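Could you walk me through this model in the viewer, one selection at a time? I would like to know what to click on next and what I will find there.

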Amino acid sequence: MRSNPLDIVAATGLAIGGAFGLAGTFVGSDALRETLWTIDGVALVVATALLTMKYQRLGNDGIAAGFLTFLAGESLLLAGNAAGLEASVPSYVGGISLWAAALVLVSAPKTFAMWMRLTALIAALLFVVSACMILWGAPLLPTSSPLPAAGYPFLVLTFIGWIWTLLRPGR
């Protein structure tokens, strides 16, 4: 069975988003980080728009709403990206808060494998803790470690699961 071309586009967007997002977290150059995160953001917006439509057509409204919420969060992150790390913190808090809500919405139903749902929920928890810490005055940046950086690998593992779900044969 051949994959739907739009599933391949969505999977590619998730892969680009995961790879460029992680890479941007660890580069030292502001201009390079902002470029990587811009590519990451656009790829994830496209991917989650396609996933919203896919799951809406399948009648999985909660999952579709989750992907739409992720798209909104990623758009906030994308909008703040060019401002630099410090100036992007307000949009970053909004973005990761929406990511967390989205990950819970997508993972609540038993549509995806348990391991994907667990990685998504761990990422969501880490993003909520990070957002709360920033709101309560902690001087965290999007690149701060251990938080929020600890959430990114779990998010990327979730993306890998979504990619696998999109591309696996016989689905």
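Start by selecting Pro142, which sits in the loop between α5 and α6. Helices here (H or I, at least four residues) are DSSP runs, numbered from the N terminus. The model is a predicted one, in which local features need pLDDT of at least 70 and side-chain atom pairs count only at pLDDT 80 or more, while totals for chains, interfaces and linings use all residues. Residues are numbered from 1 along each chain as its sequence is written, and side-chain values use heavy atoms, with hydrogens and water left out.

Is Pro142 buried or exposed? With 2% relative accessibility, Pro142 counts as buried; the term means under 20% relative accessible area, using a 1.4 Å probe and protein chains only. Now show its surroundings. Leaving aside residues up to four places away in sequence, Pro142 touches Trp37, Leu85, Ser88, Val89, Tyr92, Pro148 and Tyr152, where contact means heavy atoms within 4.5 Å.

Select Ser145 and Pro146 together: the peptide bond joining them is cis, with omega about 10°. Pro146 belongs to the loop between α5 and α6. Next, pick Leu147 and Pro148, where the peptide bond is also cis, with omega near 5°. Pro148 is found in the loop between α5 and α6 too.

One more click in the loop between α5 and α6 brings you to Ala149. Ala149 counts as buried, at 11% relative accessibility. Draw a line from Ala149 to Ser130 and you will span 9.2 Å between C-alpha atoms, for two residues 19 apart along the chain.

Now bring up the helices on either side of the view, α5 (114-135) and α6 (151-167). Two packed helices are described by the angle between their axes and the distance between the axes. For α5 and α6, the packing angle is about 150° and the axes are 8 Å apart. Axes are lines fitted to C-alpha atoms, for helices over the stretch in contact, and angles run from 0 to 180 degrees between N-to-C directions. That angle makes α5 roughly antiparallel to α6, a label given to angles over 145 degrees. The crossing of α5 and α6 is left-handed, meaning that the near helix is turned anticlockwise from the far one by less than a right angle.

On the α5 side, the residues include Trp115, Met116, Ile122 and Phe127, and on the α6 side they include Tyr152, Phe154, Trp162 and Trp164. By class, this contact of α5 with α6 has 14 nonpolar, five polar and no charged residues. Here Ala, Val, Leu, Ile, Met, Phe, Trp, Tyr, Cys and Pro count as nonpolar, Asp, Glu, Lys and Arg as charged, and the others, Gly among them, as polar.

Keep α5 on screen and select Ala124, which lies in that helix. Ala124 is buried, at 4% relative accessible area. Not counting residues up to four places away in sequence, Ala124 touches Ala100, Leu103 and Val104. Ser97 is 27 residues from Ala124 in sequence, and their C-alpha atoms are 8.2 Å apart.

Beyond residues up to four places away in sequence, Phe127 touches Ile96, Trp99, Ala100, Leu103, Pro148, Gly151, Tyr152 and Leu155. Which residues touch the most other members of the largest nonpolar core? Leu14, Phe127 and Trp162 do, in a core of 37 residues. A nonpolar core is a set of buried Ala, Val, Leu, Ile, Met, Phe, Trp, Tyr and Cys residues joined through side-chain atoms within 4.5 Å. α4 gives the most to this core, with nine residues.

Finish with α3 (residues 61-81) and α4 (residues 89-107), whose axes come within 8 Å and cross at roughly 165°. These two helices, α3 and α4, are therefore roughly antiparallel to each other. Their contact has 15 nonpolar, eight polar and one charged residues.

How values were computed. Angles under 35 degrees count as roughly parallel, over 145 as roughly antiparallel, 65 to 115 as roughly perpendicular and the rest as oblique. Buried means under 20% relative accessible area, exposed over 50%, partly exposed in between (1.4 Å probe, protein chains only).
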